[in-house]
Amino acid sequence: MSQASDRCRLTRRAVLAGAFASAALPAMAFEQHQAPQYSPPLDNREDFIRWMEVNRGEEAPLLANRWQRYLALRSNRDIWEPRGATAFLMTPRDQFVLAHDMIRAYDNAYLGIGYGATISGPGIVARMTSALEVLPGDRVLEIGTGSGYQSAYLAHLTDRIWTVEIVGELADRAKGKHEKLVGHGHQEYASISAKQGNGYFGWAEAAPFDKIIVTCAVDHVPQPLFDQLRPGGTMILPLGPGSMQHVVKVVKASSSFRRDTVDIYHGKLIRFLPMRV
Ligand code: SAH
């Protein structure tokens, strides 16, 4: 795949919203930005599975595994608002792992995807995505496309996604995966722009971004990425040397070069693949 961007843009669509139907999660205050356009039921397993079978053509056993993982992510507060819940539940993680790992797709574990890369565990993906607080219409850049799962997940939250992967074979495979899924009715993934390249330098032509998510480890905040964040924008990244990182949320101050950082795991160390240079 060349450096040229592969842009395929849908007209801006209304995004998922909705409310948890039961009183099971009373602490989850959230703002509803737009009326829901489509969304599976979030309050019971059977209705969710039936809705997904009918509307997405997916199969019950994998949907049951996805639902089970969703419940765990909710109770662990990796997912804490309904748009994020819908995004997780609508994204077929089983399609982004290697075929022989499909049955393990909803285990709380990272899995190898070839070329020395991994798809991060569902808990990490969910927590980083939740902490990014993507709003409808946000311009979001992901560094480290890998399997393409994270960008697909994000595509349920906004229709403006850019993703950069340094390994050409992975970039090609993820692009092919998104295209195949679009062909199977996952129209959201047509709004993902993907390219092969060194994500340290971001995607200058598409900047500024409202949100940036880095899914490989760095020992400092890459200046080009910080520069491509709009004032007031947010970046989530695994920060730290060696094999363990703190996952931090960096908020770029609106009026200066100042930044505020928060550890989204409250000090717990998480292992990420290093960013290649
Ligand atoms: N977000 C991915 C998983 C990330 S694993 C997913 O949803 O599956 C980290 C990925 O970052 C790997 O695919 C690795 O090849 C990629 N990567 C490493 N260094 C990079 C760089 N400098 N620029 C872009 N991608 C990079």
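Trp162 and Phe209 are both buried in this predicted model. Their rings form one of the aromatic pairs of the chain, whose count comes to seven. A pair of aromatic rings is described by the distance of the centres and the angle of the planes. For Trp162 and Phe209 the centres are 5.6 Å apart and the planes meet at 65°; planes over 60 degrees apart count as edge-to-face, so this pair is assigned to that class. The two residues come from distant parts of the chain, 47 residues apart. Trp162 belongs to strand S4, residues 161-165, and Phe209 to strand S6, residues 209-214.

Aromatic residues also group elsewhere. Phe88, Phe96, Tyr149 and Tyr153 are joined into a cluster by ring pairs. Tyr149 of this cluster has a charged neighbour as well: the charged end of Arg93 sits over the Tyr149 ring, 5.1 Å from the ring centre. A lysine takes up a position of this kind at Phe226, where Lys252 lies over the face of the ring at 4.9 Å from its centre.

These details belong to a chain of 277 residues with seven helices and nine strands. Buried residues make up 54% of the chain. Among contacts with a separation of 6 or more, 58% are between residues 24 or more positions apart; the link between Trp162 and Phe209 spans 47 residues.

Key
Residues are numbered from 1 along each chain as its sequence is written. This is a predicted model: local features need pLDDT of at least 70, side-chain atom pairs count only at pLDDT 80 or more; totals for chains, interfaces and linings use all residues. Side-chain values use heavy atoms; hydrogens and water are left out. Helices (H or I, at least four residues) and strands (E, at least two) are DSSP runs, numbered from the N terminus. Buried means under 20% relative accessible area, exposed over 50%, partly exposed in between (1.4 Å probe, protein chains only). Contact means heavy atoms within 4.5 Å. Rings of Phe, Tyr and Trp (its six-membered ring) pair if their centres lie within 6.5 Å; planes under 30 degrees apart count as stacked, over 60 as edge-to-face and the rest as tilted. A charge sits over a ring if NZ of Lys or CZ of Arg is within 6 Å of the ring centre and within 35 degrees of the ring normal.
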